[in-house]
Amino acid sequence: MVCPRCSSDVPDVSHFCHHCGNDMRTGDSKRKNAYAARPDEPVASFKLVSTIMPQGSGKQPYTYKVALGIALLLTVVTAALGALPVAIMIAAFAIPIVYIIYLYDVNLWEDEPIPVVAAAFVLTGLLAWLFTWIWSDKIGLSLDSLGSNSAGPSLRDLLILLLLVPVVSELIRQIGPLYLASRPRYDDLMDGFTFGVVAGVGYACFETLVLHWGWINGGFAGPGSSAGTWISIVVLHGFVKPLVYGSATGLAGAEFSGLGEGYDGFTPRWVGGLLQAMAVNALFQGGIYLLGFVGGRGSTIGAVLGVVWGVLLLGALIIRVRTVLHTGLLEAALESAARGGSNHASGELAFCSRCEMPLLPQSDFCSACGNSVRSVPKSARGVTAPTAATSGETQA
């Protein structure tokens, strides 16, 4: 039969077109119920792991969920016990460590993981440390992170948090991803997104350390401190913030890499992704600042509302990221089909890394499960099983 979307010849038993990913059974070319990087999930879903860790979500998603859950539990327990230095350190490094382990686990860039991760994480972290120190210490706000200015919100503080911090911090987070994504080996859509996530979580880690350095040096919280307030703050800055930063920067990085072979560069799509990231940043910073005044000076209510606000922003951002990645993978495959097909699965007896069914030659999608070949590590694309002759030679 012929695919109505890309006009490719598709075997009658196929569920999805192996060139463009079209759902041959339902006729839904947009595949709203089959996310390209995880076909058993809808596009409009709040699945965190399959959004920020798409290359590993098909094989072992629970590994990363358990790791994040353990880190979150340790953070909450230590904060509740008043061990703020321990809680802040765990919160600051939990997401970056889990994400770096994920990159090594899926062998994303084969023989170059160390320089790639170092360029996107360490460089961004050092710049984050410097800029955060400048705006928080040298320029300075009229309150700390608990909203301890009883006079109420300040216009000067709002301008810093709504304009200066979102714009400059996002430009800093773009440096590493744009440099790496412009290299021929790392110009894929998923590479640009991953670089952005690495830069975002790295920035959040070092920003948290600078903003709460006084707490790290202060030891245990005093007996009059509210455990709910401490827990809310470490959860917000240790878990919600890095996911917001990483997803937003990853969105812009994906738009920079663009579709097809080679990176698209500074296109209107990248500008749009950058502006969206800055807007999310401004909403996050401004919302946390204003909600910090609810309930009075350093109230638990304001801190809890800040967490709720951050989670709401993260949820909307996850939907946006999934939509962009899904659309990008489908459009890239359609563009590839117009050129005769992809070279991602050009070997004999190549298998889908997710369902392990055979891939047809020049596939961009698995015809059985609909998983995008681009959404798995390059080292796992089109893995060729040994032929009978090869097996015989090996045994001999």
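**Ground rules.** I'm working with a predicted model, so local features need pLDDT of at least 70 and side-chain atom pairs count only at pLDDT 80 or more, while totals for chains, interfaces and linings use all residues. Numbering runs from 1 along each chain as its sequence is written, and side-chain values use heavy atoms, with hydrogens and water left out.

**Confidence.** I checked pLDDT (the predictor's confidence in each residue, from 0 to 100). The protein chain averages 80, and 82% of the residues score at least 70.

**Annotated spans.** I looked up UniProt's unreviewed entry: it lists "transmembrane region" for several spans, including 273–294 and 300–319. Such annotations may be inferred rather than shown by experiment. In the model, residues 273–294 are 86% helix, with end C-alpha atoms 32 Å apart. Residues 300–319 come out 100% helix, and their ends lie 29 Å apart.

**Cores.** I went through the nonpolar cores (buried Ala, Val, Leu, Ile, Met, Phe, Trp, Tyr and Cys joined through side-chain atoms within 4.5 Å), buried being under 20% relative accessible area with a 1.4 Å probe, protein chains only. The largest has 88 residues, and Met 53, Tyr 99, Val 244, Phe 284 and Leu 325 touch the most other members. Helix H9 (residues 227–257) gives the most to this core, 15 residues. Met 53's contacts include Leu 48, Tyr 64 and Tyr 99. I noted a second, separate core of seven residues, among them Cys 3 and Cys 6.

Methods: Helices (H or I, at least four residues) and strands (E, at least two) are DSSP runs, numbered from the N terminus. Buried means under 20% relative accessible area, exposed over 50%, partly exposed in between (1.4 Å probe, protein chains only). Contact means heavy atoms within 4.5 Å. Lists of a residue's contacts leave out its neighbours within four places in sequence.
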